[in-house]
Amino acid sequence: MITADDAKRILEEARHSGRSAETILWSFPGIDTDKLLHLKGEMIGIEVFQLEAGTVIPAEVLQMVPEETVRHYQAAPMRVNGDVLEVGMLNPFDVIAEEAIRFLASSRSLKLKRWLIAPKDFKEVLRQYRSLREEVGAALEELEEEVRDRPQDLTAETDLARRAK
């Protein structure tokens, strides 16, 4: 997968940049990130979850965990399967993140299942949150326009009612 020289370069970059060696490894040229994900999953004993191209997480699922929480804990809702909220985590052993997400799941009477996900899939979930935010923003603007137009309609109806008397 990587040579000893590559490993040295990764460690040097980690020391100089302040980023973790793992973070650098995920974007290192020539790394098969699918293999890396599965290898990491095997090593830590956690199942992996990979988003298939074009997969859209339903808005109802995304809304179960606020975007700020997802960003902070690096744990994203992937799907609901029966009474289980399935969450992809960059670090599935982050106990604080797990407890925060478990609290949100239990508030909806759901259990929690953790998965290991790759950074690219986490970024895709964040992109879907942005899309959802934009859709909600557009809907709110449309509603504001309707409300803005409504008083004019009421005024016109009132004028018509006065003239009819």
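Q: Which residues is glutamate 86 in contact with, leaving aside its neighbours within four places in sequence?
A: Glutamate 86 is in contact with Phe49, Ala76, Pro77, Met78, Arg79, Asn81, Lys113 and Trp115 once those neighbours are left aside, where contact means heavy atoms within 4.5 Å.

Q: Before going on, what sort of model is this?
A: This is a predicted model, in which local features need pLDDT of at least 70 and side-chain atom pairs count only at pLDDT 80 or more, while totals for chains, interfaces and linings use all residues. Residues are numbered from 1 along each chain as its sequence is written, and side-chain values use heavy atoms, with hydrogens and water left out.

Q: OK, and is glutamate 86 buried or exposed?
A: Glutamate 86 has a relative accessible area of 4%, so it is buried; the term means under 20% relative accessible area, with exposed being over 50% and partly exposed in between (1.4 Å probe, protein chains only).

Q: What does the side chain of glutamate 86 make a polar contact with?
A: The partner is the side chain of arginine 79, at 2.6 Å. A polar contact is a pair of N or O atoms within 3.5 Å; within protein, one must be able to donate a hydrogen and the other to accept it, and residues adjacent in sequence count only if both atoms are side-chain atoms.

Q: Which strand does glutamate 86 lie in?
A: Glutamate 86 lies in β2, which covers residues 84-89; strands (E, at least two residues) and helices (H or I, at least four) are DSSP runs, numbered from the N terminus.

Q: How many residues of that strand are buried?
A: Six of the six residues of β2 are buried, so the strand is largely enclosed by the rest of the structure. Val84, Glu86 and Gly88 point one way from β2, whereas Leu85, Val87 and Met89 point the other way.

Q: What order do the strands take in the sheet?
A: The sheet is open and has three strands in the order β1-β2-β3, with mixed pairing. Because β1 (75-81) and β3 stand at the edges with a single partner strand each, one side of each is left without a neighbour in the sheet. Neighbouring strands are turned by 30 degrees against each other on average, direction ignored; axes are lines fitted to C-alpha atoms, for helices over the stretch in contact, and angles run from 0 to 180 degrees between N-to-C directions. Helix α6 packs on the sheet, where it touches β1, β2 and β3, and its direction makes about 140 degrees with that of β3.

Q: In which sense, parallel or antiparallel, does β2 pair with β1?
A: β1 and β2 pair in the antiparallel sense over six bridges, where two strands pair if DSSP finds at least two bridges between them. Valine 80 stands opposite leucine 85, and in the hairpin of these strands, which has two residues between them, glycine 82 takes a positive phi near 70 degrees.

Q: And which sense, parallel or antiparallel, for β2 and β3?
A: β2 and β3 (residues 111-116) pair in the parallel sense, again over six bridges. The bridge partner in β3 of leucine 85 is leucine 112, and that of valine 87 is arginine 114. Together with α6 (residues 95-106), β2 and β3 make a right-handed β-α-β unit; right-handed means that, with the strands pointing away from the viewer, the path from the first strand over the helix to the second runs clockwise.

Q: Changing topic, how many aromatic pairs are there in the whole structure?
A: A search of the whole structure finds one. The rings of phenylalanine 49 and tryptophan 115 have their centres 5.4 Å apart and their planes at 70 degrees, so this pair is edge-to-face. Rings of Phe, Tyr and Trp (its six-membered ring) pair if their centres lie within 6.5 Å, and planes under 30 degrees apart count as stacked, over 60 as edge-to-face and the rest as tilted.

Q: Which parts does that pair tie together?
A: Phenylalanine 49 lies in the loop between α3 (33-44) and α4 (59-62) and tryptophan 115 in β3, so the pair ties together parts that are 66 residues apart in sequence. Phenylalanine 49 is buried at 9% relative accessibility, and tryptophan 115 is buried with a relative accessible area of 8%.
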